[in-house]
Structures are given as C-alpha cells and as structure tokens.
Amino acid sequence: MATCDSVSMISEAASTGKPVYVIELEGGSPKFRRFHEDLYADGVARPFKGELGHWTYAPLDDTPRIAEEVRRRMAARTGGHGKAP
C-alpha cells in the first residue's frame with residue numbers, strides 16, 4: 001500500500017507481483033494520475049477503498065528494456081566502439 005504521491009514506492013511495489021493498493025489523496029498532478037490509471041488498467045494496482053483483496057499480475061521489470069536502450073544510445077554515441085568521442 002502506498003500513497004498516490006509516491007511514484008517510486010508504487011513502482012517498487014509493482015516489481016514484486018503482489019497486490020498494490022494506492023491511497024488516493026486530494027490534489028496531485030495529471031502526470032501522476034496517468035501513471036496510476038495505467039497501472040489500474042493493466043491490473044497491477046487498485047485504488048484502496050478500505051478492504052484488502054488478492055490478485056496476480058506479471059511483476060513489472062523494465063530493467064532489461066532500459067539496459068538495452070542505454071547500450072543502444074551508447075553505441076550510437078561512440079560509433080559502436082564503447083569509447084566516448
């Protein structure tokens with residue numbers, strides 16, 4: 001369970017594959033709202049409404065995708081030689 005103002009806490013919880021509840025608070029940014037709505041739509045998180053339940057989902061793990069993107073950008077910058085220009 002995490003409050004809606006902590007994207008990092010929610011993200012870390014979503015990497016466990018365990019139910020993630022988000023406690024909605026007043027205010028907040030449209031960017032955070034989109035983040036939460038995407039997690040709700042994907043079945044990763046649910047808004048907390050006073051009761052706990054159980055569900056499953058594939059744990060979020062963007063590490064391989066991000067690592068590949070870093071390698072791609074480094075190769076593009078260095079011409080594939082691994083050394084900065």
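Visitor: Why is T78 called buried?

Guide: In this predicted model, T78 has a relative accessibility of 16%, and since buried means under 20%, T78 counts as buried. The residue lies in helix α3, which covers residues 63-78.

Visitor: What makes the side chain of T78 and the backbone oxygen of M74 a polar contact?

Guide: A polar atom of the T78 side chain lies 2.8 Å from the backbone oxygen of M74, and the cut-off for such a pair is within 3.5 Å, so the distance meets that cut-off.

Visitor: Why is L25 called partly exposed?

Guide: L25, which is found in the loop between β2 and α2, has 41% relative accessibility; because partly exposed is the range between buried, under 20%, and exposed, over 50%, L25 counts as partly exposed. Together with M1, I23 and L52, L25 makes a nonpolar surface patch of about 390 Å².

Visitor: Which residues have the most contacts inside the largest nonpolar core?

Guide: That core has 13 residues, and those with the most contacts inside it are I10, V20, V22, L39, V44, A45 and Y57. At least two residues of this core come from each of α1 (7-14), β2 (20-23) and α2 (30-41), and β2 gives the largest share, with 3 residues. In soluble globular proteins, nonpolar side chains tend to be buried together.

Visitor: What is A45 in contact with, leaving aside its neighbours within four places in sequence?

Guide: With those neighbours left aside, A45 is in contact with V20, V22, L39, Y40 and W55.

Terms used. Residues numbered from 1 in each chain as written. Predicted model: local features only at pLDDT ≥ 70, side-chain atom pairs only at ≥ 80, totals over all residues. Heavy atoms only, no water. Core = buried A, V, L, I, M, F, W, Y, C linked by side-chain atoms within 4.5 Å. Buried < 20%, exposed > 50% of the residue type's maximum accessible area, 1.4 Å probe, protein only. Helix = DSSP H or I, 4+ residues; strand = E, 2+ residues; numbered from the N terminus. Contact = heavy atoms within 4.5 Å. Patch = residues over 30% accessible without salt bridge, like charges linked within 9 Å, V, L, I, M, F, W, Y side chains within 5 Å. Areas by Shrake-Rupley, 256 points an atom, 1.4 Å probe, with all protein chains shown as cover. Salt bridge = Lys/Arg side-chain N within 4 Å of Asp/Glu carboxyl O. Polar contact = N/O pair within 3.5 Å; in protein donor to acceptor, adjacent residues only side chain to side chain.
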